[in-house]
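Work through each task before reading its solution.

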Amino acid sequence: MNVGIDAIHFYSSNYFMDLRTLAGVRNVDPDKYTVGIGQEKMAIPPPDEDIITMAASAAHPLIERDGKDNIELLLFATESGIDQSKAGGIFVHGLLDLPARCRVVELKEACYSGTAALQLACSAVARNPKTRALVIAADVARYELASPGEPTQGCGAVAMLVTANPRILAIDPEVGLFTSDVMDFWRPNYRDQAVVDGKYSTRVYLQALQDCWKQYCEESGRGFSDIHRFCYHLPFTRIAEKAHERLARASGVTVTPEQIAQQVGISLDYNKIMGNSYAASLYVGLCCLLDNEMEDLSAKRIGLFSYGSGCVAEYFSGVVQSGYRDRLLTDSHHVLLENRTELTYRQYEDIYNLAFPTDGGGHTFSRYRTGGYRLAGVKDHKRLYEAVL
Ligand code: HMG
């Protein structure tokens, strides 16, 4: 019996800033952003949107189409948690009106947690194939103003239904795993922005890839030529091209820029205009590949590399199922990304500097363009969400 992704959909903010605008203000050559790190735009969440509203907006179309019966597990992966105690997934469970017979927990390990959630969901469904699991990864990537990480900011949420006999991607059981206690990127509880040793983080990412890939090949007996398309965790898209060169070299293969474009390039386009969405980022790339690859990928194997700073990494793969295109929500992704509102630098900085109320009083938030759910306000230290479908 196969287990894997039966449905997938992502949501990101309706607002973005063009990185050429940022380059102008920071007095940086725009090519550094667009070519050097491979990013064009960054998605910016308005004050009435957070990981919960984005997560619910990502999952809503799946629940609408495929129903909520037998969803007995909701795993919510994030490093932008809104509460030290309560799992963010419970708010989403409420907003989506999911069955009470459901386990809900939040998972954290930087950008890796989405993959931990997906693999745990596969195990749970394999144990009881009559049930389904809802995996959601949602994050807001936030760095200090004028820091090297600033142009890699972004936000987004991905929702996946994990089932037996999945209709999109059957996940292979063989994996390569890597954990090492490193301080390349972290966010102490008292900080809103990550602390990052950027260049070091990039080196650790590439080293972890090499280790995971070697193990994956040994365990699966597969090699470079067995993988048809490659998806990488995307803190910024240029890293995927470097990672792919590294992976090919480790396999004794030389790849031309044209081959990199063919094997990896199609997965990058959404992230280029959204920025990093941490735990969701790899799966936004997967959506981009499935939505936009002209070739029929049925029966083809896709390799996926997941990296979370700190760090945990995993190489795994999946086989695309025939008829997968009928299950995709490509139009929804395209409509969202094509209809966003551009922010000026001043508007971006104003939103960035808004402090979340912590006085326990009642506050209502101005209404911006959001998905199907918004954060209406806060009162008595409780976030108040509303559906605006
Ligand atoms: P930086 O230090 O400002 O950039 O920040 P740089 O000076 O290294 O330049 C970047 C690239 O642009 C270089 O290319 C330059 O040559 C090129 P490279 O040498 O790397 O090939 N460049 C130009 N290209 C064309 N025209 C120009 C030009 N100028 C320069 N005029 C850095 C880069 C990635 C370090 C920064 O953005 C950063 O700190 N980002 C945040 C951390 C990050 O994304 N790390 C990635 C790995 S860790 C990870 O993926 C986990 C993460 O997602 C978090 C999690 O797990 O939760 C981040």
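**Exercise 1. Locate the ligand and describe the pocket that holds it.**

Solution. The ligand sits in the second largest pocket. A pocket is an open set of points on a 1 Å grid over the protein atoms alone, with protein on both sides within 12 Å along at least five of seven lines. A molecule sits in one if more than half of its atoms lie within 2 Å of its grid points. This is a predicted model, where local features need pLDDT of at least 70, side-chain atom pairs count only at pLDDT 80 or more, and totals for chains, interfaces and linings use all residues. Residues are numbered from 1 along each chain as its sequence is written, and side-chain values use heavy atoms, with hydrogens and water left out.

Next, take the volume: about 880 Å³ for the second largest pocket, meaning the space filled by probe spheres set on the grid points, which are joined across faces, edges and corners. Its lining counts 37 residues, with Pro 148, Gly 149, Thr 152, Gly 198 and Phe 236 closest to the centre; a lining residue has an atom within 4 Å of a point. Finally, sort the lining by class: 19 residues are nonpolar, 10 polar and eight charged (Ala, Val, Leu, Ile, Met, Phe, Trp, Tyr, Cys and Pro count as nonpolar, Asp, Glu, Lys and Arg as charged, the others, Gly among them, as polar).

**Exercise 2. Describe the shell around the ligand and its polar contacts.**

Solution. Start with the count: 29 residues surround the ligand, and Lys 32, Glu 79, Cys 111, Ser 201 and Lys 242 are the closest (a heavy atom within 4 Å). At least two shell residues come from each of α2 (30–36), α6 (198–220), α7 (238–250) and β13 (301–308); helices (H or I, at least four residues) and strands (E, at least two) are DSSP runs numbered from the N terminus. The largest share, five residues, belongs to α6.

Then list polar contacts (N or O pairs within 3.5 Å). Side-chain polar atoms lie 2.7 Å from a ligand oxygen for Lys 32, 3.2 Å for Lys 199 and 2.8 Å for His 233. The protein buries 75% of the 1,100 Å² that the ligand exposes when taken alone (Shrake-Rupley method, 1.4 Å probe).

Terms used: A polar contact is a pair of N or O atoms within 3.5 Å; within protein, one must be able to donate a hydrogen and the other to accept it, and residues adjacent in sequence count only if both atoms are side-chain atoms. On a 1 Å grid over the protein atoms alone, a cavity is a set of points where a 1.4 Å probe fits but cannot get out, and a pocket is an open set with protein on both sides within 12 Å along at least five of seven lines; lining residues have an atom within 4 Å of a point.
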